[in-house]
Amino acid sequence: APIGYIASTENYCKANNRDALKDYWDSKNSEIIHFIGKDIIYFHFLFWPAVLMGAGLKLPDKIIVHGFLTLKGEKMSKSRGKLLTADEFAGEYNPEFLRFYYAKNLSKKLSDINLDFDDFRDTINNELLGNLANFTYRTLSFVDKNFEGRIGKHSNDSEVISLAEEYVGKIKKAYEEINLNEAVKNIMALSSLGNRHFQNNEPWKVIKTDKEKAHKIVGMCANIVKILAIVSAPILPVISENIRKQLNLESLAWKDIDFKFVAHKIGTPSQLISRIEEK
């Protein structure tokens with residue numbers, strides 16, 4: 001089966017000769033990471049590296065080993081009828097929810113992930129919806145309603161900017177080290193920072209006496225929304241893309257993480273996700 005990794009890469013890259021494929025897999029400029037389940041450690045740490053060495057190909061730079069996925073605390077079993085397919089899940093829930101739930105629980109440790117639907121529902125409703133999605137909507141809808149959808153200057157709060165940059169640094173490090181649970185933790189912390197800035201500065205009150213100040217408050221929040229769209233993209237690609245469209249930006253990449261999102265007209269805000277009801 002592992003030979004299929006190389007064969008599929010050849011297919012994907014449309015490599016036409018042996019040398020091109022060898023360069024891809026044996027280049028000093030490439031990084032090869034294997035993601036495997038804990039039940040095939042023996043093969044992937046011993047036999048497959050031996051095959052690669054025998055073929056004169058580069059060994060993986062990292063081997064990330066994950067535990068199993070259990071369902072309501074039990075091992076999945078087709079014969080016992082305890083099985084949930086990805087298609088079945090997607091028929092009931094937004095697939096982004098599962099990506100978020102996995103990432104929140106996924107580390108480099110060998111521990112299993114238990115898909116418990118009460119915990120799953122609480123995680124999505126309280127964290128993804130209650131934190132990130134609600135912050136995004138309250139910020140952009142306030143700009144749309146009170147400032148004709150235009151982002152002005154921001155409050156340039158040095159403490160908020162410093163904290164945001166600190167969280168971004170932690171998120172980047174977590175991605176590089178394949179610690180997705182750490183990435184999620186700091187993405188939520190960044191979103192909470194934006195929520196606090198909005199809540200503590202009360203732009204809905206300030207706008208009655210100082211419209212310019214209120215505009216700057218939500219301008220700072222809009223910059224955090226833009227950063228959230230970027231740092232969450234590897235885990236929440238569809239939601240990230242939705243935020244990008246609502247911000248009316250042509251593209252977003254890591255290099256765009258800054259606080260220079262000013263003098264810009266956003267698109268039409270809408271709720272990113274809906275609450276999961278108990279069933």
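User: Which residues do ring pairs link into a cluster in this predicted model?
Analyst: Rings of Phe, Tyr and Trp, the last taken by its six-membered ring, pair if their centres lie within 6.5 Å. The structure, which is a predicted model, holds twelve aromatic pairs. Ring pairs link into a cluster the residues Phe89, Tyr93, Tyr101, Phe117 and Phe120.

User: How many residues apart in sequence are the parts tied together by the pair of Phe89 and Phe120?
Analyst: The rings of Phe89 and Phe120 lie 5.6 Å apart centre to centre with 75 degrees between their planes, an edge-to-face pair. Phe89 belongs to helix α4 (residues 86–92) and Phe120 to helix α6, so the parts that the pair ties together are separated in sequence by 31 residues.

User: What is the geometry of the pair formed by Tyr101 and Phe120, stacked, tilted or edge-to-face?
Analyst: Tyr101, in helix α5, is joined to Phe120, in helix α6, across 19 residues of sequence. Tyr101 is buried with a relative accessible area of 1%, and Phe120 is buried with a value of 0%. The ring centres are 5.6 Å apart and the planes stand at 80 degrees, over the 60 degrees required, so the pair is edge-to-face.

User: Are the axes of α5 and α6 roughly parallel or roughly perpendicular?
Analyst: The axes of helix α5 (residues 95–105) and helix α6 (residues 117–146) come within 10 Å and cross at roughly 95 degrees. Angles of 65 to 115 degrees fall in one class, which means that α5 is, relative to α6, roughly perpendicular.

Notes. Residues are numbered from 1 along each chain as its sequence is written. This is a predicted model: local features need pLDDT of at least 70, side-chain atom pairs count only at pLDDT 80 or more; totals for chains, interfaces and linings use all residues. Side-chain values use heavy atoms; hydrogens and water are left out. Axes are lines fitted to C-alpha atoms, for helices over the stretch in contact, and angles run from 0 to 180 degrees between N-to-C directions. Helices (H or I, at least four residues) and strands (E, at least two) are DSSP runs, numbered from the N terminus. Angles under 35 degrees count as roughly parallel, over 145 as roughly antiparallel, 65 to 115 as roughly perpendicular and the rest as oblique. Rings of Phe, Tyr and Trp (its six-membered ring) pair if their centres lie within 6.5 Å; planes under 30 degrees apart count as stacked, over 60 as edge-to-face and the rest as tilted. Buried means under 20% relative accessible area, exposed over 50%, partly exposed in between (1.4 Å probe, protein chains only).
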